[in-house]
Amino acid sequence: MGMMNSSETVLDEKAIIAAAEGALADIAAIRTEIAKVIFGQEKVVENTLLALLSGGHALLVGVPGLAKTKLVTTLGSVLGLGSNRIQFTPDLMPSDILGSEVMDTDETGRRSFRFVKGPVFAQLLMADEINRASPRTQSALLQSMQEYHITVAGQRYDLPAPFHVLATQNPLEQEGTYPLPEAQLDRFLLQVDVLYPELAAERQILLETTGLSEAKPRGIIDAARLQEIQILIRQMPVSDKVVDAILSLVRSARPGHGNATTDKNVAWGPGPRAGQSLMLTARARALYEGRLAPSLDDVYALAEPVLEHRMALTFAARAEGMSVRDVIAGLVKQARG
């Protein structure tokens, strides 16, 4: 009996390796296609794609004009996802996102309600400048991100599968913005910081985007294939060494868990979702880089995007000019030994 089980697992492993090799080829093609349209920003493209391959949502943080919207529309085309975009404004209402009931009158004069779906019914939803909308509207979106369905007038409506939200946030503190509450930030698998492009990339942007024609991305996979890759990523084996590294890194970022630097500088640390996010995205990153199993490097490379929005500094640390990124870099350095 024991023999049979062991041969079954070997077969399973072979099947997973074969499937992973197919996924490697698809991901390589996706990377090549995106690079035709988005110049530079390799880290941003990588982390945003990792969030989608892992089946999650991402928060893109950066000043306006850094091609965040272009990245989302490009991803929609290349991954074959139906996409919508919502520009968040202070007067946006939950019904503007979810949809609303309208009254219909038929030829006999009978009246009935009909639900008209809002833009949230997309496979890839871009929520532009999410911190401009009121908390009510933000929470309507964040609830749908968590539950994959919405309820209007007591009626449940399932969202399309897969369902991904890529939200953008402008980091400049401006009047009339509503920062996302901590519990809602935790819904995002990764925070992706979008910085200014390097000189060579900016030169390419100038030359390629101001002519008569711009490169258009082709579809490489479709939604069904993306879901297959997402399921595969959840089946990839993770070594005990990597699991231990994830646990010790996440726990070292929490005050009161024996890390002196954290106790001094961190007001509150990441919850268990941070570890889950690292488990998923480390596997996705291995595939993205052309490997069949995640390594410690994957964990440490993803520490910042996974932890940054899940912890906050004490007032004293902020007064000294420290940032959450500095603290995470220090924890990674300690972990690497």
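Predicted model: local features only at pLDDT ≥ 70, side-chain atom pairs only at ≥ 80, totals over all residues.
Local features are given at pLDDT of at least 70, side-chain atom pairs count at pLDDT 80 or more, and totals for chains, interfaces and linings use all residues. Residues are numbered from 1 along each chain as its sequence is written, and side-chain values use heavy atoms, without hydrogens and water.

**View 1. Helix H8 packs against helix H11.** Here H8 (residues 223-235) and H11 (residues 272-288) pack at about 110°, with axes 9 Å apart (axes are lines fitted to C-alpha atoms over the stretch in contact, with angles from 0 to 180 degrees between N-to-C directions; helices are DSSP runs of H or I, at least four residues, numbered from the N terminus). H8 is therefore roughly perpendicular to H11 (65 to 115 degrees). Look for Leu232, Ile233 and Arg234 of H8 meeting Leu280, Arg283, Ala284 and Leu287 of H11; contact means heavy atoms within 4.5 Å. Five of these residues are nonpolar, none polar and two charged (Ala, Val, Leu, Ile, Met, Phe, Trp, Tyr, Cys and Pro count as nonpolar, Asp, Glu, Lys and Arg as charged, the others, Gly among them, as polar).

**View 2. Helix H9 also packs with H11.** H9 (residues 240-252) lies at about 145° to H11, their axes 10 Å apart. Val243, Ile246, Leu249 and Val250 of H9 touch Ala274, Gly275, Leu278 and Met279 of H11. This contact has seven nonpolar residues, one polar and no charged.

**View 3. Thr137 sits in helix H5 (residues 135-147).** Thr137 counts as buried because its relative accessibility is 0% (buried means under 20% relative accessible area, with a 1.4 Å probe and protein chains only). Beyond neighbours within four places in sequence, Thr137 contacts Phe88, Leu92, Met93, Pro94 and Ile97.

Notes
Helix = DSSP H or I, 4+ residues; strand = E, 2+ residues; numbered from the N terminus. Parallel < 35°, antiparallel > 145°, perpendicular 65-115°, else oblique. Buried < 20%, exposed > 50% of the residue type's maximum accessible area, 1.4 Å probe, protein only.
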